[in-house]
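Hello,

Here is the structure I promised to pass on. Please open it and keep it beside this email while you read.

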Amino acid sequence: MGVHKAPTAETLMRSRYSAFATGAADYLLATTHRSTRKQHDKAAILDWSQTNQWIKLEVLHTTETTVTFQAYYLDAHLKAQIHREKSRFIFENGQWFYVDGTY
């Protein structure tokens, strides 16, 4: 993560899933667009990342600027959960950024 710039929104989304799975909150903040970055709290990201056991990612649909996916995980009580989101991305200054998502 972070070694190469993601060539597509989907690639960035996949790397962000990996960041959630490994607790890389700094990467998640760095790849969030500046217009929405202040809405994300590093401590909360780390807590959600580390409280859950991430199982797999399933990409359902992509466009140039959106990715709809399901992330499968076990919550703190080991109950199976699915996070479904349609994420929006923007390409700015030669780099893709996560903007926001609908659940």
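This is a predicted model: local features need pLDDT of at least 70, side-chain atom pairs count only at pLDDT 80 or more; totals for chains, interfaces and linings use all residues.

Gly-23 follows helix 1. Its phi is positive, near 75 degrees.

Helix 1 itself has 14 residues. From first C-alpha to last, helix 1 reaches 20 Å, close to the 20 Å expected at 1.5 Å a residue. Its buried residues include Leu-12, Met-13, Arg-16, Tyr-17 and Phe-20. What do the buried residues of helix 1 pack against? The partners are helix 2 (25-30), helix 3 (42-51) and strands 1, 2 (66-74), 3 (80-92) and 4 (95-102).

Now the rings. The structure holds eight aromatic pairs. Take Tyr-17 and Trp-54: their ring centres are 6.1 Å apart, and their planes stand at 90 degrees, so this pair is edge-to-face. Tyr-17 sits in helix 1 (residues 9-22) and Trp-54 in strand 1 (residues 53-62), so the pair ties together parts 37 residues apart in sequence. Tyr-17 counts as buried, at 15% relative accessibility. Trp-54 is buried too, with a relative accessible area of 15%.

Phe-89 and Tyr-98 make another pair. Their ring centres lie 5.8 Å apart with planes at 70 degrees, so they are also edge-to-face. Both Phe-89 and Tyr-98 are buried.

Tyr-17 and Trp-54 belong to one aromatic cluster with Phe-20, Trp-48 and Tyr-73. Separately, Lys-56 lies over the face of Tyr-72, at 4.9 Å from the ring centre.

Best wishes

Notes. Residues are numbered from 1 along each chain as its sequence is written. Side-chain values use heavy atoms; hydrogens and water are left out. Rings of Phe, Tyr and Trp (its six-membered ring) pair if their centres lie within 6.5 Å; planes under 30 degrees apart count as stacked, over 60 as edge-to-face and the rest as tilted. Helices (H or I, at least four residues) and strands (E, at least two) are DSSP runs, numbered from the N terminus. Buried means under 20% relative accessible area, exposed over 50%, partly exposed in between (1.4 Å probe, protein chains only). A charge sits over a ring if NZ of Lys or CZ of Arg is within 6 Å of the ring centre and within 35 degrees of the ring normal. The expected span of a helix is 1.5 Å times one less than its number of residues. Contact means heavy atoms within 4.5 Å.
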